[in-house]
Amino acid sequence: MSSDSAAVDPEIVVLDNGVPTAARVYDVMLNGKDNYAIDRQVAEGSLGIIPELKEIALHNRAVLHRVVRYLAAEQGITQFLDLGSGLPTVRNTHEVAQEANPDAKVVYVDIDPIVLAHGRALLQDNDNTRVVTADLRKPDEVLKHPDVQEMIDFSKPVCVMLVGILHHLADDEDPKGIVKALREAAVPGSYFFITNFTRLSDSEESEELERQLLEQLGTGRVRTPAELEEFFEGLEILSPGLVPLPLWRPEEILTDATTIGVRFMTGGVGKKN
Ligand code: SAM
């Protein structure tokens, strides 16, 4: 693996154990080991508000596997740009994509340099995968990053992945503008795979739940189904649409689709025609 850092040199990163990060809090949710007490504290606080968050995180990983496999194996997509990729965990994008096509190229992008530090060990023998430390709020910088430029051929279709990341961005960080910039950089035949925390109902209880959760996480915004759909502007949304994650081309029949664990995160795949 060759790797680089747009913002931070991972060689000189001093991890501040007093500050939780989204990557490590998510690692707690996935029962990972790459986290500190402060991350576990935030995870526990969030689980106190929505106990189903672990289940939601697992559904999110499961749909990631299904989508990547579908695009690599059935739609012939050979390039994946995984933005806000998180810490390496069990079954990562490159493993699923390269199982379908060993030549598939994957670039992971995350703002947290710890992702690069861990990815380096995991990917040292994998020439088709890179990890980049960059901020997706600056999509032009991400797209121009030397590793992205070297690995992704933007004259060919690409799958842009924004999985469990846009809800970390507030409206004034312009998530719609970020998706638009990425959409414009991708050629027809490209796919956009987006999942996001989604409002459960219009009730005051629902709003209060969101407020408490975001207070714990410290950032972001839960969006309505209509707001999620706005991210897919100009794209053809593939069947079955923007749905609770376990309902996106499931491999197992779900006995109860009404629970918070199923419904709090929705998403889907859009194709640029
Ligand atoms: N995409 C993975 C998944 O769905 O399994 C991981 C999602 S994790 C909840 C969100 C990740 O986004 C974290 O690793 C965090 O560091 C990263 N992140 C947050 N803000 C970011 C930004 N502005 N640019 C790049 N990555 C960001």
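Colleague: Which residue in β5 is the bridge partner of Leu81?

Modeller: In β5 the bridge partner of Leu81 is Val160, where strands (E, at least two residues) and helices (H or I, at least four) are DSSP runs numbered from the N terminus. This is a predicted model, in which local features need pLDDT of at least 70 and side-chain atom pairs count only at pLDDT 80 or more, while totals for chains, interfaces and linings use all residues. Residues are numbered from 1 along each chain as its sequence is written.

Colleague: And how do β2 and β5 run, parallel or antiparallel?

Modeller: Strand β2 (residues 79-83) and β5 run parallel, joined by 4 bridges; two strands pair if DSSP finds at least two bridges between them.

Colleague: Which strand pairs with β5 over 5 bridges?

Modeller: That is strand β6 (residues 191-197), which pairs with β5 in the parallel sense, and in β6 it is Ile194 that stands opposite Leu162.

Colleague: Is β5 mostly covered or mostly open?

Modeller: Strand β5 (residues 159-163) is mostly covered, with 5 of its 5 residues buried, where buried is 20 or more other C-beta atoms (placed from the backbone) within 10 Å of a residue's own, exposed is 12 or fewer, and partly exposed is in between. Cys159, Met161 and Val163 point one way from the strand, Val160 and Leu162 point the other way, and all of them are buried.

Colleague: Switching to helices, which residues are buried in α5?

Modeller: In α5, residues 113-122, the buried ones are Pro113, Val115, Leu116 and Gly119. Looking down the axis of α5, these buried residues fall within an arc of 140°, so they line one face of the helix, the arc being that of the directions from the helix axis to the C-beta atoms.

Colleague: What about the ligand, which residues come nearest?

Modeller: There are 21 residues around the ligand, and Ala23, Gly84, Gly86, Ile111 and Gly164 come nearest, a residue being near if its C-beta atom, placed from the backbone, lies within 6 Å. The elements giving two or more residues to that shell are α1 (22-29), α3 (53-74) and β3 (105-110).

Colleague: Why does Asn31 count as exposed?

Modeller: Asn31 counts as exposed because it has 11 C-beta neighbours inside 10 Å, whereas Asp174, with 14 other C-beta atoms within 10 Å, is partly exposed.

Colleague: Last one, how many helices and strands are in the chain?

Modeller: The chain comes to 11 helices and 9 strands, and 46% of its 273 residues are buried. Along its principal axes the C-alpha trace spans about 50 × 45 × 35 Å.
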